[in-house]
Amino acid sequence: MVIMMRMLIMGAPGSGKGTQAESLVKRLSIPSISTGDMLRSAIAEGTETGKQAGRYIKDGKLVPDEVIIGIVIERIGREDCKAGYMLDGFPRTLGQAEAMAKEGIDIDAALFLDVPDEVIMKRLGGRRVCSCGSIYHVVSKPSSKGDVCEVCGKPLTVREDDKPETIAKRLEIYHVQTKPVIDYYAAQGKLLTVDGTRNVEETTELVLSLIGRG
Ligand code: AMP
């Protein structure tokens, strides 16, 4: 029997959402759906959505709800999501959470990775990414191949929105817009808050035990 697991992962930018989502989906055999990754691909491919989203991302602002909701609904409707999914980076506003509920998209658990702002500022400054999707950190998760990706050998880069002034803006937006989403899932009894400063494996095990899949 396939156990359905529809989850979402929330937390400040740099709280480790992407890395934790990657680790959890391997264990749960469900796809990870990152709205940030989908938007970056759309920008790279030069699609209409990419053109609309590009300037918001560059400024550290949120992409308008109507752009993002359509992308997520289309993605969740695909075959590989039938046994569940892990939403990473969506919903980020109360409007997105309510639109998702209105579309009949239900979730079983909302995971919140709790990380203090001081830790976030340090983490994001050291993040390095590869166009293949691999994520590194100069201190906590360096590439064994130095400035190039361990997986594909391409050069690692700093994400455009990881510049210090943009990080501060993204954190401010997170506090104002995403905190109400956390309260929304808490009110529904679906919120699982975990300490996001622990290591990736420990957090994965903790979450799996909390959702009864340990
Ligand atoms: P992320 O990779 O999740 O940190 O997202 C990078 C950027 O993509 C964000 O700073 C936003 O500009 C945009 N973005 C990603 N997900 C959303 C969303 N659910 N709503 C609005 N904008 C988003």
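Predicted model: local features only at pLDDT ≥ 70, side-chain atom pairs only at ≥ 80, totals over all residues.
**Stop 1: the ligand**

Select the ligand and the residues around it. The shell holds 16 residues, and those that come nearest are Thr 35, Arg 40, Lys 61, Gly 89 and Gln 96. Colour the shell by residue class. Now colour by secondary structure. Helix α2 supplies the largest share of the shell, with 4 residues.

**Stop 2**

Show side chains for Arg 92, Gln 96 and Arg 170. Start with Gln 96: a polar atom of its side chain sits 2.8 Å from a ligand nitrogen. Move to Arg 92. There, a side-chain N or O atom is 3.1 Å from a nitrogen atom of the ligand. Finish with Arg 170, where a side-chain N or O atom lies 3.5 Å from a ligand oxygen. How much of the ligand's accessible area does the protein cover? On its own the ligand has 480 Å², and the protein covers 96% of that.

**Stop 3: Thr 35**

Centre on Thr 35. This residue belongs to helix α2, which spans residues 35-45. Is Thr 35 buried or exposed? Thr 35 is buried, because its relative accessibility is 4%, below the 20% cut-off. Look at its side chain next. A polar atom there is 3.1 Å from the backbone oxygen of Gly 89. Gly 89 is also among the residues nearest the ligand. Thr 35 touches Ile 68, Val 72, Asp 88, Gly 89, Phe 90 and Arg 92.

**Stop 4: Thr 178**

With sequence neighbours within four places set aside, Thr 178 is in contact with Arg 92 and Ile 173. Thr 178 lies in helix α7, residues 164-187. Its relative accessible area is 6%, so Thr 178 counts as buried.

**Stop 5: the cysteines**

Select every cysteine sulfur. How many disulfides does a search of the whole structure find? The search finds 0. Zoom in on Cys 149. The reason is distance: a disulfide needs the two sulfur atoms within 2.5 Å. Cys 149 is buried, because its relative accessible area is 0%. End at Cys 81. That residue is buried too, with a relative accessibility of 4%.

Methods:
Residues numbered from 1 in each chain as written. Heavy atoms only, no water. Helix = DSSP H or I, 4+ residues; strand = E, 2+ residues; numbered from the N terminus. Buried < 20%, exposed > 50% of the residue type's maximum accessible area, 1.4 Å probe, protein only. Polar contact = N/O pair within 3.5 Å; in protein donor to acceptor, adjacent residues only side chain to side chain. Contact = heavy atoms within 4.5 Å. Near = heavy atom within 4 Å. Areas by Shrake-Rupley, 256 points an atom, 1.4 Å probe, with all protein chains shown as cover.
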